[in-house]
Structures are given as structure tokens and as C-alpha cells.
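Please read through the model below with its strands and its DNA contacts in mind.

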2 protein chains.
Amino acid sequence: MSADAKVLTELDRHYLFAALSDAQRDELLTHTHTREFKSGQLLFSQNDPAQAFFLLRRGDVKLYRVSAEGQEKIMRLIRPGMSFAESVMFMDTPRYPVHAEGVRAGTLLAIDSDAYLNILQASFATCRTVMAKMTQRIQAHWDEIESLTLQNSRYRVVHYLLGLVPEGTTGTTEITLPSRKSLIASQLAVTPETLSRTLHALGQEGLITVQDYAVSIPDIGALRRLQ
Amino acid sequence: MSADAKVLTELDRHYLFAALSDAQRDELLTHTHTREFKSGQLLFSQNDPAQAFFLLRRGDVKLYRVSAEGQEKIMRLIRPGMSFAESVMFMDTPRYPVHAEGVRAGTLLAIDSDAYLNILQASFATCRTVMAKMTQRIQAHWDEIESLTLQNSRYRVVHYLLGLVPEGTTGTTEITLPSRKSLIASQLAVTPETLSRTLHALGQEGLITVQDYAVSIPDIGALRRLQ
DNA sequence: AGGCAGCCTTGACCTGGATCAAGGCGCGCC
DNA sequence: GGCGCGCCTTGATCCAGGTCAAGGCTGCCT
């Protein structure tokens, strides 16, 4: 399979493109370019004017904010196949609402916002898909706010682990943490120390065993009951 | 002005309707009904199937969630002229993501989701407006998550107060709290006790004076510098 | 090999904000 | 008028989780 054909199938798997016709998609590709990035490289900063949104092909990217005191909070961790900054294109004066930085080197597609908007204009079905997706994002935010304000750190960690388990799994499983523990801690709005202690405590109680990035859960039901 | 004409001007002031033609709006009104509610009355519950979204005309409504332990967190406080649950209509299986309850008795318009969707289908301009609005909502959520996780309670209170001051104001101002302090506390994810103490402390420092619902700020600049 | 740089872990300590408890104040109602 | 009920305030206490500090482990570079 050629590199180009690979890009095409990757695109089609994504909701923003799946709804497009071949002609529309090809048109969009003429307004798209590939960009490589290294670990630690800043892709864009909060408040930068935005002309493009992105689809991650390889590597990991973090979207984060920094408080006045220099504390960093990771808002989302982007993994291959995920898009980001796509909702920004609808703003009147598009500016990125977060910083984006490479966590593990990779490549991404930068898609021109205006080109996509033009396509949307032609297809209500696509509009609907996009709006539905934005709604899901809003939903996810409600959920996150709830869990950050209503629940303690142990609950958040358990909730996060269960989120890594595929749907419908029961009994025993093995999961792999998708990133460094310190990044996960930041997403959960706890310090690395607290995450470490919480995982340790869950281990003591026989609910999980942690070995670097591998977490095995002998009884998912028991963990779910903590939620 | 007749009651009906009043409804019309109220509608037109809202982004979801401002973009509609008179004909479209009239069509929509045939799928709209008015509902009265009392203080404490439940309007809908989390996970209720949703066929309508709402525009508040009079009174106040809180959107909230309840944790497993029964703690309540107010996600948004809806005031007259604001719409809510409008993003839900784009979900595949529309369900309200929060509880809604009257805080002060009033009336609201319930607008049929399908009717609105049909209109959207006919107008890309309207689609764009709606998408832009949804983007703003997403933005606001990022901001809220940031302030809830990155900042302490004093900062959140100051931030909230400054949000009540009209844009561009300098020097001295007087603002009115939009609701009971306990509701504000819940929105800021602090206890009423903490809010009370924080306001008191800010008063001690000469930054504000609080008299029931009236807050006067002798020097907005000084308060902004705390942010 | 040795050294250094990132991460993670562990321990000791501290503190912001929650919780619990006790009034105070204003208001509607009998 | 006086009683009860909401809401707010104030004080005392507690604890989850943050901060600070000290290693340990791993992998990379020279």
C-alpha cells in the first residue's frame, strides 16, 4: 500500500472525513499537509490564531494549559487516529484554546479550516455529524467537571483505569497505560506522588497489580464496585 | 405589546433564533409550547430522553448533577433569556446529561428538537451559528476545568466576581449577585462556609464590601491583579 | 564502565478547605 | 407578637492531598 493510500484509509476511519464523498475528500487533501514533530516540540500555543485543525497519525500529543504559577494541567492526551482543535474552526476569530506539545515524536496532518468549512456548507449530513461530535465533546466535559469536583482522587484513578478496559470485559484483564504516569496524573488533576500512592494502595487491596506500564486487574467487577 | 409579540422579540434576541427567517421562526413556534414551573420543581432528570430544548423567559433554573454520596454540583445557572439543553438534540439517542430544577418560579419555552433540526437542514448559515455557539460552550468548559483544577478557592471567587462586572469597567463598581450564595458556592465547587469566609477575607482586605446580594468593588484593578 | 538525567516511589510534614456544630438574622405564617 | 424555617456566618476540628526532600531504577551518552 502506498503512503498516500494509507493516508486515505486513515482519514476515512475518522468521523470528520467518513461522511465526505471521494471528490470532497480529494479536494480537502489539496489543502492538507503533513507535519513531523519531535518529543517536547510545541505545535501551537494557547491564543495562537488558528487556520488549521489536526489529525494525529503517529506519536502522542498533549493539550494543556498553564496556570499563572506555572503549574501545567493536561486537558487531553491525543493518540494516533484522533483529531484535535477541530471545533476551533467555527469561532469568529479562531484561536487555539490550549497549548499543544509533542509527547512522543510523530507526524500529523494539518487540515485547512476554510477548506473544510466549504465542504460542510455543501452537506447537511456532514454538518450533523460534526455537530453530534461536538455535542459528545460537550458531554465529556460535563462528565469531567463532575468527576473533578464531585469525586476524590481514588475514585478518579479507578474511573480512569476502567476507562482503559474495553467495553463489556468481565473477569480478569490486562491493560497498558497509554502514557507516562506523570502525564496521567496531570490529566486526573493529582500529583504524581498521589497517583503512585493510590495505585500502590489499590495493589495492597488486591484490586490491581502494576508493573511499569502494565496493569492487570484480577476482578474487574470488584473495581467497578468502587466507582 | 401583545404577549405573543413579546415572545417574538425575546426569541429574536437569542442566537438560535436570530438567524432564522420570519417564516422559519413562525413554523418553529407551532412546535413550541410554554411551560410554567415553581421553585424546586424538577424540569427534567439526567438520562431522561430529550425531545425538546428550552429557552428561559422568567425565573431561574439550575442544571446540576448529584454524586453517588448525594452531593449536588451546579453545572450552570440559567437566567432569563438563556437557552439550555440545545446541544442535546444532535445526539443519536438524545438524553439530558444533567438534572434541571427551578430555583425561582418562572416560565420557559420548550422547543421541539426535530422541528429545529429541520430548519437547520435548510440553512447553512444557521448551522454555522449553532456550531460557533457550541464551540463557545466547549471553550467555556475548558476554562472551567482549568479554573477548578489549577486554581484555589480564593482565585475562583475573585474570578467569579470579576465575571459579573461588565466588560471594560474600571475604577469603582457595584454588582448584584445573581443568586443565593449557596448556589454560587456550588457552582464554584466550594462549600457555602468557604465562600462566606472568602468574601469576608476579601472584605477585610478592603477589596470588596458585601451587603446581602450587593457587592461593591472600590478598585476593580486591585481585584483583577489577584487573578 | 561510570555518570548523568528522567521518572517513579516513599516518607515526613503542612495546609486549604471540608465537616460538624452552634448561633444570628430576616421573613412568612398562625 | 412569637414561632419556625431558610440562609448565612462563625468557630473548632479533621483529613485528603499537596509539598518538600531523599533515594532507587533505567537507559543513554561519552
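Which residue of β9(A) is the bridge partner of Gln211(A)? In this predicted model, that partner is Ala214(A). The pair belongs to the contact between β8(A) and strand β9 (residues 214–217) of chain A, where the two strands run antiparallel and are joined by 3 bridges.

These two strands are part of an open sheet of 3 strands in chain A, ordered β7-β9-β8 and paired in the antiparallel sense. β7 (173–176) and β8 (209–211) of chain A each have a single partner strand and stand at the edges, so one side of each lacks a neighbour in the sheet. On average, neighbouring strands here are turned by 20° against each other, direction ignored.

Strands of a sheet pair through backbone hydrogen bonds, in either a parallel or an antiparallel arrangement. Strand β1 (residues 32–37) of chain A pairs with strand β6 (residues 99–112) of chain A over 6 bridges, in the antiparallel sense. Within the reach of β6(A), Gly106(A) stands opposite Phe37(A). Strand β2 (residues 42–44) of chain A is also antiparallel to β6(A), with 2 bridges, and Phe44(A) is placed opposite Ala100(A) of β6(A). Strand β3 (residues 52–66) of chain A runs antiparallel to β6(A) as well, and 11 bridges join the two. There, Leu56(A) faces Leu108(A) across the pairing, standing opposite this residue of β6(A).

The DNA strands come next. DNA strand D is surrounded by 16 residues, and the closest are Asn152(A), Thr194(A), Lys181(B), Ser182(B) and Ser196(B). At least two residues of the surface near this DNA strand come from each of α6 (153–164) and α8 (192–204) of chain A and α7 (181–187) and α8 (192–204) of chain B. Of the elements, α8(B) gives the most, with 5 residues. By class, the surface near DNA strand D has 7 polar, 6 charged and 3 nonpolar residues.

DNA strand C has 16 residues around it, of which Lys181(A), Ser182(A), Ser196(A), Asn152(B) and Thr194(B) come nearest. Here α7 (181–187) and α8 of chain A, with α6 (153–164) and α8 of chain B, each supply at least two residues of the surface. The most comes from α8(A), which gives 5 residues to the surface near DNA strand C. That surface has 3 nonpolar residues, along with 7 polar and 6 charged ones.

Key:
Residues are numbered from 1 along each chain as its sequence is written. Chains are lettered from A and ligands numbered from 1 in the order in which they are written. This is a predicted model: local features need pLDDT of at least 70, side-chain atom pairs count only at pLDDT 80 or more; totals for chains, interfaces and linings use all residues. Two strands pair if DSSP finds at least two bridges between them. Helices (H or I, at least four residues) and strands (E, at least two) are DSSP runs, numbered from the N terminus. A residue is near a molecule or strand if its C-beta atom, placed from the backbone, lies within 6 Å of it. Ala, Val, Leu, Ile, Met, Phe, Trp, Tyr, Cys and Pro count as nonpolar, Asp, Glu, Lys and Arg as charged, and the others, Gly among them, as polar. Axes are lines fitted to C-alpha atoms, for helices over the stretch in contact, and angles run from 0 to 180 degrees between N-to-C directions.
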